[in-house]
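Me: I am new to this structure and would like to learn how to read its features one at a time. Could you give me the general idea each time, and then the case at hand?

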Amino acid sequence: MLDKLQIVKQRFDEVNDLIIQPDIIADRKRYVELNKEYKDLKTLVEKRDIYKELLDNISEAEEILADGSDAEMVEMAKMQLEEAKEELPKLEEEIKFLLIPKDPEDSKNVVVEVRAGTGGDEASIFAGDLHRMYTKYCEGKGWSVSVVDYSEGTSGGFKEIIFEVSGEDVYGTMKFEAGVHRVQRVPQTETQGRVHTSAATVMVLPEAEEFDVELDMNDVRIERTTSTGPGGQSVNTTYSAIRLHHGPSGLVVSCQDQKSSHKNLEKALKVLRSRLYEKELEKKLAADSERRKSMVSSGDRSAKIRTYNYPQGRVTDHRIGLTLYDLSNIINGDIQKILDELMLVENTQKLKDASEIM
């Protein structure tokens, strides 16, 4: 393991020198890539230093025990050896995981799209509940959430809502939320008190940087309209809402959240780039059969991933068979415990795959 960590240290020193070179700083794409690599390598190098210190402590303690001439030193060496040997396996597991190449998408910001599915008005209300759940979760992590576009439901909630989330390693966390979410409860519109099942689909797209997708603006038709929905006089009278039509892909993207036409255009372009980028990403995933098999991957957006059962206060994640009787807290944004379990399963699989390769 030390040999591998020495290679990491050499690369870290190399990247450390590169990111201060003027030609690298001038190349935005390269500079961003190297900064991300520097951050990941720094964590590994810090672990390497601790690992090396533990091995040195073990070696030193064994030498003292082998000599055995100083009774006091022997006692101290025994304690040192015991502590180091206790810490070593845990540290080795951490390092093994860190040595697995990170998914470059994980550090990206995201565009999340929540759409009401089967269930009529109740599905729209549920889509609104999911948007609120994600907003609370993201804000709790210090991430910023910004609505791009929405279409309100007739009885509340949203037929569709699109929002951006910016922060640290957002996609690596939020990607687990992609798929069909199902709710079982008595709808507000139900007079007989019967439990209905409704659904909403969540899409999580890694936000594409400008240099990730080459977008030819000649392929994009920009349509300016007045905004719909609440927002005061200026919202409904000025042509600030933007709708983009991308010819080659047939994609249509709208943004009406901002009062400024320029800001709406900026947001709409981000979503368009992210959707185009996701199409390319899907091709890569299809080519990578092992990753395609991962039961917690963000792959199939039509797969039912989670059920929220209100009568029983239960939330079940079907991918890993996890059931928690804590629905009220979860729907109020406390989804970290579910994400931790999903990440654990993914990390275990990654370690298994890596050991098979090695």
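Reply: Let us begin with strands: two strands pair if DSSP finds at least two bridges between them. In this predicted model, L244 has V253 in β8 as its bridge partner, and strand β7, residues 241–246, pairs with β8 in the antiparallel sense over four bridges.

Me: What is the order of the strands in the open sheet?

Reply: The order is β6-β7-β8, an open sheet of three strands with antiparallel pairing. Its edge strands are β6 (220–225) and β8 (252–255), each of which pairs on one side only, and from one strand to the next the twist averages 15°.

Me: How should I read a pair of aromatic rings, and how many aromatic pairs are there?

Reply: A pair of aromatic rings is described by two quantities, the distance of the centres and the angle of the planes. Rings pair if their centres lie within 6.5 Å, and planes over 60 degrees apart count as edge-to-face. By this rule there are four aromatic pairs. One of them joins F126 and Y308, which are edge-to-face, with 5.5 Å centre to centre and 65° between the planes.

Me: Which parts of the chain does the pair of F126 and Y308 tie together?

Reply: F126 belongs to helix α5 (residues 120–140) and Y308 to strand β9 (residues 304–309), so this pair ties together parts that are 182 residues apart in sequence. Another pair is that of Y137 and W143, which is edge-to-face because the ring centres are 6.0 Å apart and the planes stand at 90°.

Me: Are these four residues, F126, Y308, Y137 and W143, buried or exposed?

Reply: Here the cut-off matters, since buried means under 20% relative accessible area. F126 is buried at 0% relative accessibility, and Y308 is likewise buried, with a relative accessible area of 0%. Y137 is buried with a value of 5%, while W143, at 7% relative accessibility, also counts as buried.

Me: Where does R185 lie relative to the ring of Y310?

Reply: R185 lies over the face of Y310, at 4.8 Å from the ring centre.

Me: Let me finish with a lysine: where does K175 lie, and which residue does its side chain contact?

Reply: K175 is found in the loop between α6 (170–174) and β4 (179–185), and K175 counts as buried because its relative accessible area is 5%. The side chains of K175 and D106 are joined by a polar contact of 3.0 Å.

Note on methods
Residues numbered from 1 in each chain as written. Predicted model: local features only at pLDDT ≥ 70, side-chain atom pairs only at ≥ 80, totals over all residues. Heavy atoms only, no water. Phe/Tyr/Trp six-rings, centres within 6.5 Å; stacked < 30°, edge-to-face > 60°. Helix = DSSP H or I, 4+ residues; strand = E, 2+ residues; numbered from the N terminus. Buried < 20%, exposed > 50% of the residue type's maximum accessible area, 1.4 Å probe, protein only. Lys NZ or Arg CZ within 6 Å of the ring centre and 35° of its normal. Axes fitted to C-alpha atoms, helices over the stretch in contact; angles between N-to-C directions. Polar contact = N/O pair within 3.5 Å; in protein donor to acceptor, adjacent residues only side chain to side chain.
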